[in-house]
Amino acid sequence: MGRLLPLLLMAAGMPAWTAQPVRARHAMVVTRERHATQAGVAVLRAGGNAVDAAVAVGFALAVTHPTAGNIGGGGFMLVRLADGRTAFIDFRERAPKAASRNMYLDSSGKPTEDSTIGYRASGVPGTVRGLEYASQKYGKKPWEEMLRPAMELASKGFPVSYGTAQSLRSSARGLSRFPESKRIFLRDGKYYEAGETFVQPELGRTLERIARLGAKDFYEGETARLLAQDMAEHGGLITAADLKSYTVKERRPLTGSYRGYSIVTAPPPSSGGVGILQMLGVLEGTGYEKAGAGSATAVHYMTEAMRRYFADRAEHLGDADFVKVPLSGLLDPNYILKLRKSIEAERATPSSQVHAGVFTGHESAKTTHYTIADAEGNIAAVTYTLNGGYGSKVTSAGLGFLLNNEMDDFAPKPGEANMYGLIQGEANAIQPGKTPLSSMTPAIVLRDGKPYLALGSPGGPTIINTVLEVIVNVLDFGMNVQDAVNWPRFHHQWMPDELRLEPGYSPDTIALLEKRGYTVKPVNAQGEVAAIRFINGWLEGAPDPRTEGTAEGY
Ligand code: DON
């Protein structure tokens with residue numbers, strides 16, 4: 001068989017050296033952490049649908065992947081049901097009522113660290129209400145059952161992975177500024193080693209209350225009371241009234257098409273969906289793909305599309321409930337044609353010459369994405385986050401969970417760079433009740449009206465480009481889904497005017513790019529994709545080899 005396999009694969013039209021996704025006939029779960037993947041598969045096997053499994057995975061990751069998995073943060077769930085209906089559940093954090101435009105500027109007008117660390121960095125968390133909303137509207141299993149795997153993982157513990165041990169240790173400086181975080185996540189300096197059991201009794205009790213009483217506990221009950229009290233004692237902004245008034249927003253997904261495929265993705269307050277649709281539009285018809293994946297020419301065209309979109313993003317994108325986002329202008333075929341025509345075939349356009357369209361009308365940063373498909377044909381693609389790794393680094397006494405630092409996704413000072421070096425404008429300035437602009441981009445690609453590819457990634461602004469790259473790797477470069485995920489990535493965000501490349505681009509490709517005028521910067525890794533492709537009656541699950549993620553199906 002060892003010798004036969006390459007021949008069989010070649011016969012199936014695949015080069016023998018391709019990376020193989022995990023294949024299954026009925027259902028598939030791809031997440032960043034194996035216990036969470038297993039929790040999702042168990043729910044599906046017990047008759048739950050993709051949304052039920054997404055709820056169980058969301059809570060499980062809050063226990064086993066503390067850098068990003070959360071109940072103290074927020075995110076987006078993109079759902080496509082077997083009957084073709086789609087939904088976008090926005091459970092992202094909102095600015096507390098006491099938030100104000102210049103709250104993160106010191107007396108001389110300089111941004112402080114308060115938007116990234118400590119009690120003042122958190123927006124009102126949405127995860128618990130978001131998962132409850134999804135469960136009630138689109139799930140079919142009892143809520144309490146969906147929390148059981150997470151409760152067990154918290155109260156009985158789970159073996160810490162190599163990556164988690166490393167990650168906790170590397171965040172020790174920030175976490176140790178807050179006694180509860182230091183005690184729970186750093187064991188007061190006796191760091192967890194890979195293989196040791198991590199038990200979280202306080203989190204277990206919080207989850208148990210949420211299981212028994214529903215999201216009401218988190219927003220109006222004991223959890224809300226303790227959280228508001230801790231916030232008040234430490235100068236945080238979130239009050240009992242903020243928690244009580246938190247609402248989930250179900251929005252219509254953004255849709256578009258590319259080379260005959262349909263794309264269903266994230267609307268504002270994500271900047272990701274409009275980004276991938278605009279960039280695909282710019283690429284379509286350039287013939288860039290003929291140069292081959294990873295060629296200087298393909299990277300050039302894609303980078304120029306990225307540069308132009310991120311200039312628009314800086315100027316125009318924000319929470320559409322508060323500011324006017326010119327979606328139809330940004331996606332207008334004539335505007336896209338103008339962008340395409342402005343790309344020179346052999347030369348990078350300096351970012352100083354690229355401006356947003358006018359329309360009438362070092363800190364480790366972690367988020368996580370998981371993708372689930374069930375046997376009935378439903379899909380849930382979820383990206384949720386604390387924003388930075390371990391969020392604000394604050395754990396409230398007695399509650400056992402970390403809080404987000406999502407307020408940094410606003411423009412603390414419009415026109416100046418935030419934690420991701422991103423320049424953002426007035427559209428994304430802080431206002432009470434507003435949602436900070438996001439780059440999270442869960443996406444589903446359809447072929448002939450049927451699911452073909454579902455995916456998403458963490459990575460702050462790089463998310464948008466990562467999702468774009470995996471989509472074109474499959475659609476334009478004909479890679480299988482695992483190769484498409486593995487393939488070396490790159491990123492350009494207009495400002496700073498630099499092209500960031502993962503390892504894997506050859507020195508002569510880099511030389512060609514530099515000759516065209518790019519400033520090339522190496523980066524270690526970009527993104528952590530979790531993708532599923534639907535092909536010939538199979539589900540192909542592709543976790544990201546940059547992570548400890550797993551795919552499991554049946
Ligand atoms: O919503 C956003 O765009 C950011 N809060 C995402 C942060 C992130 O992906 C960090 N991950 N590596």
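## Aromatic pairs

In this predicted model, the rings of Phe, Tyr and Trp form 14 aromatic pairs, counting rings whose centres lie within 6.5 Å. One of these pairs joins Phe 76 and Phe 88, with 4.9 Å from centre to centre and an angle of 40° between the planes, a tilted arrangement. The two residues belong to distant parts of the chain, being 12 residues apart: Phe 76 is in strand β3 (residues 74-80) and Phe 88 is in strand β4 (residues 86-90).

Phe 76 has a relative accessible area of 0% and is therefore buried. Phe 88 is likewise buried, because its relative accessible area is 0%.

## A pair between two loops

Tyr 119 and Phe 178 form an edge-to-face pair, with 6.4 Å between the ring centres and 70° between the planes. This pair also connects distant parts of the chain, with 59 residues separating its members. Tyr 119 lies in the loop between β4 and α4 (127-138), whereas Phe 178 lies in the loop between α7 (172-175) and α8 (179-185). Both Tyr 119 and Phe 178 are buried.

## An aromatic cluster

A single aromatic cluster is made up of Phe 158, Phe 185, Tyr 192 and Phe 198.

## Charges over rings

Aromatic rings in the model also face charged groups. The charged end of Arg 25 is placed over the ring of Trp 538, at 3.9 Å from the ring centre. In a second case, Arg 129 has its charged end over the ring of Tyr 219, 4.2 Å from the centre of that ring.

Conventions. Residues are numbered from 1 along each chain as its sequence is written. This is a predicted model: local features need pLDDT of at least 70, side-chain atom pairs count only at pLDDT 80 or more; totals for chains, interfaces and linings use all residues. Side-chain values use heavy atoms; hydrogens and water are left out. Rings of Phe, Tyr and Trp (its six-membered ring) pair if their centres lie within 6.5 Å; planes under 30 degrees apart count as stacked, over 60 as edge-to-face and the rest as tilted. Helices (H or I, at least four residues) and strands (E, at least two) are DSSP runs, numbered from the N terminus. Buried means under 20% relative accessible area, exposed over 50%, partly exposed in between (1.4 Å probe, protein chains only). A charge sits over a ring if NZ of Lys or CZ of Arg is within 6 Å of the ring centre and within 35 degrees of the ring normal.
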